[in-house]
Amino acid sequence: MTGELARAAIVSVGNELLFGETINTNAAWLGRALAEKGIVVSHGYTVGDNRTNIQEVVRTATRSTDVVLISGGLGPTEDDITRNAVADLFERPLRSNERLLADLKARFRAHGYREFPETNLSQVEVPEGAIVLNNPNGTAPGLAFEEDSTLVVMLPGVPRELHGIFLGDLNTLLEEWLGDRIAPVRHRMLHTTGVPESRLAEIIEDAINSDPAFVSTMKEVSIAYLPDLRGVDLRITARSASTEEAKASLDRAEEELDARIARWRYHATSGDIVEPVLEALKGLGLMLAVAESCTGGLIAKRLTDFPGASASFIGGVIAYDDSVKISALDVSQQDLSRFGAVSEVVAVQMALGASKRLGSDVGLAVTGVAGPGGGTKEKPVGRVCFAVVLNGKEKARSVDFLGDRDAVRERAAQVALAMLLRTL
């Protein structure tokens with residue numbers, strides 16, 4: 001490395017993005033793609049289909065970054081104004097490109113069009129001095145030119161087309177343009193569940209304050225906390241021109257972190273805890289049956305989302321009403337009356353009933369109050385009870401979750417699967 005890492009700005013153009021009609025997946029995709037190449041994304045902008053606003057944002061972006069990637073507004077319709085706005089901003093007259101015109105007409109003929117739509121002529125106009133970037137998936141090419149030591153790139157807003165240009169001609173151009181200012185980034189994900197983000201941060205902060213060896217190792221990487229309803233992922237990142245050096249840094253960091261988070265960690269290439277659950281069941285030669293109440297089949301869905309789940313998952317019962325708990329799972333009417341459907345006693349009976357009725361080795365059950373109504377002082381909304389039965393042994397627990405109905409159900413399914421994994 002001979003200088004600072006290259007910095008990029010992403011400018012997303014389109015009223016539909018500002019109005020919330022379209023989710024800005026392009027910015028997220030570009031951010032990941034640039035980061036993986038070792039280009040730091042330092043700024044991001046979203047602007048509507050307004051000539052003045054586009055020019056203001058692009059001008060600002062070029063003053064502080066090495067690369068400006070602009071997506072959207074290169075189509076043939078009246079609201080596609082990005083090309084003209086940017087060309088005028090930098091005083092680069094648009095010229096019709098004969099090769100692009102010939103290619104575009106040939107494309108239309110190949111698709112059965114006898115006449116070439118005049119509106120598409122705008123897509124063959126290229127700012128003076130710009131490089132044309134081939135679009136393997138559409139009609140609007142990418143365009144790139146240098147402006148005051150900044151590489152300005154215009155890309156179509158259709159995700160498939162943007163991806164094709166980036167992974168092709170633009171990838172080569174970025175490497176040629178930025179040279180050794182690119183340091184490839186390597187990531188590794190450590191998956192945890194059952195521990196809050198704040199607790200993980202506290203554990204790592206304590207290690208930083210008390211363990212010099214930990215501090216020395218972690219200087220080689222950066223850590224990002226990625227929480228969602230199912231748990232918290234730790235993404236550790238190393239930047240190095242050498243794959244071997246980056247791997248060694250990630251290995252050392254993972255070893256240090258694992259010593260502190262092992263009780264909550266699970267290993268899954270997919271990131272889904274279902275993966276190690278099914279692997280553990282298969283490795284032990286066990287079949288699983290589930291009984292679900294408040295999760296309404298969510299656990300069964302997650303299990304069967306994985307190809308090959310039938311090798312370890314036999315099926316389940318959605319016992320939403322108490323009558324189904326009694327008739328399908330042999331839950332005691334007396335215990336339902338005494339302890340209520342949301343109780344560890346009933347959860348255990350549900351797990352036993354599912355295992356017995358479906359002929360499995362393992363039974364997993366969940367019952368609770370997902371809300372927004374149905375809660376009481378003794379059993380508030382968010383109270384969920386879990387049970388696992390295996391080889392004659394029973395394990396049960398209760399958890400009070402925060403959040404709306406969807407959050408309670410999602411978190412409950414994750415806790416159930418984590419409980420099963422740790423039991424196995």
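Author: A disulfide is a covalent bond between the sulfur atoms of two cysteines. The cut-off here is a pair of cysteine sulfur atoms within 2.5 Å. For C294, the closest cysteine sulfur belongs to C385 and lies 9.0 Å away, so that pair is too far apart for a bond.

Reader: How many disulfides does the rule give in total?

Author: The count is zero. C385 is in no disulfide either, its nearest cysteine sulfur being that of C294.

Reader: Are C294 and C385 buried or exposed?

Author: Buried means under 20% relative accessible area, exposed means over 50%, and partly exposed is in between, using a 1.4 Å probe and protein chains only. C294 has 3% relative accessibility, so it counts as buried. C385 has 2%, so it is buried too.

Reader: Before we go on, what should I know about the model itself?

Author: It's a predicted model: local features need pLDDT of at least 70, side-chain atom pairs count only at pLDDT 80 or more, and totals for chains, interfaces and linings use all residues. Residues are numbered from 1 along each chain as its sequence is written, and side-chain values use heavy atoms, with hydrogens and water left out.

Reader: Good. How do I read a nonpolar core, and which residues touch the most other members of the largest one?

Author: A nonpolar core is a set of buried Ala, Val, Leu, Ile, Met, Phe, Trp, Tyr and Cys residues joined through side-chain atoms within 4.5 Å. The largest one has 37 residues, and L288, I299, L303 and F386 touch the most other members. Helices (H or I, at least four residues) and strands (E, at least two) are DSSP runs, numbered from the N terminus. Among the elements that each supply at least two residues of this core are α10 (274–284), α11 (298–304) and α15 (405–423). The largest share, ten residues, comes from α15. There is also a second, separate core of 29 residues, including A9, V57, I70 and L100.

Reader: What is I299 in contact with?

Author: Contact means heavy atoms within 4.5 Å. Leaving aside neighbours within four places in sequence, I299 is in contact with V290, E292, L364, V366, A413, A416 and L417.

Reader: And what do the buried residues of α10 pack against?

Author: They pack against β12 (265–266), β13, α11, β15 and α15. Those buried residues are V274, E275, P276, V277, L278 and L281. After α10 comes G285, with a positive phi near 70 degrees.

Reader: Now strands. How do I read the pairing around β16?

Author: Strands of a sheet pair through backbone hydrogen bonds, either parallel or antiparallel. Two strands count as paired if DSSP finds at least two bridges between them. β15 and β16 run antiparallel and are joined by seven bridges, with V366 partnered by F386 in β16. β16 also pairs antiparallel with β17 (residues 393–400), over eight bridges. β16 and β17 make a hairpin with two residues between them, and N391 in the turn has a positive phi of about 55 degrees. As for burial, seven of the eight residues of β16 are buried.

Reader: What is the strand order in the open sheet of four strands?

Author: The order is β10-β11-β9-β12, with antiparallel pairing. The edge strands, each pairing on one side only, are β10 (222–228) and β12. β10 and β11 (residues 231–239) are joined by seven bridges, and P227 stands opposite V232 in β11.
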